[in-house]
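Here's a quick tour for anyone meeting this structure for the first time. Have a look at it below, then read on.

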Amino acid sequence: MSALPVYRWQLAPDGLATRRQLRAMGLRPGGQDVAAELQRPRRRRGPLVAYLYRVDCARPVRPMTAARAAALAKANRARRTCPACRRDAGYVIPTALGTCVPCAYTPPVGGS
């Protein structure tokens with residue numbers, strides 16, 4: 001296995017793109033291997049790394065079907081529903097709390 005070519009931040013050649021850049025163009029990697037690495041140096045830690053893919057081998061993004069849209073809506077609804085009060089919180093329930101904010105910070109009733 002040969003090492004991947006490494007390019008510095010903003011110095012990648014034309015024809016290579018990150019996943020986000022491909023998505024903005026309406027494309028996806030489509031099963032191809034990583035073509036190169038993009039590294040952005042940082043002062044006190046290791047560099048940020050982004051993987052680059054060939055644009056000419058990328059495939060179009062699959063269209064959203066009605067069934068996929070319904071499944072996505074159901075999953076998002078489940079993330080907004082509080083398990084304690086069963087109400088739609090209107091926001092994604094924080095995993096650190098496990099319940100909506102009013103349920104998490106309401107003192108227990110009855111105590112001793």
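Q10 counts as exposed, at 69% relative accessibility (exposed means over 50% relative accessible area, buried under 20%, and partly exposed in between, with a 1.4 Å probe and protein chains only). Q10 sits in the loop between β1 (6-8) and β2 (16-17), and its phi is near 65°, positive even though the residue isn't glycine. (Strands are DSSP runs of E with at least two residues, helices runs of H or I with at least four, numbered from the N terminus.)

R86 is exposed too, with a relative accessible area of 61%.

## How to read the model

This is a predicted model, where local features need pLDDT of at least 70 and side-chain atom pairs count only at pLDDT 80 or more, while totals for chains, interfaces and linings use all residues. Residues are numbered from 1 along each chain as its sequence is written, and side-chain values use heavy atoms, leaving out hydrogens and water.

## A buried threonine

T99 lies in the loop between α2 (66-80) and α3 (101-104). T99 counts as buried because its relative accessibility is 17%. Setting aside neighbours within four places in sequence, T99 is in contact (heavy atoms within 4.5 Å) with C82, P83, A84, I93, P94 and A104.

## Around A17

Not counting residues up to four places away in sequence, A17 touches L22, M25, Y51, L52, Y53 and V55.
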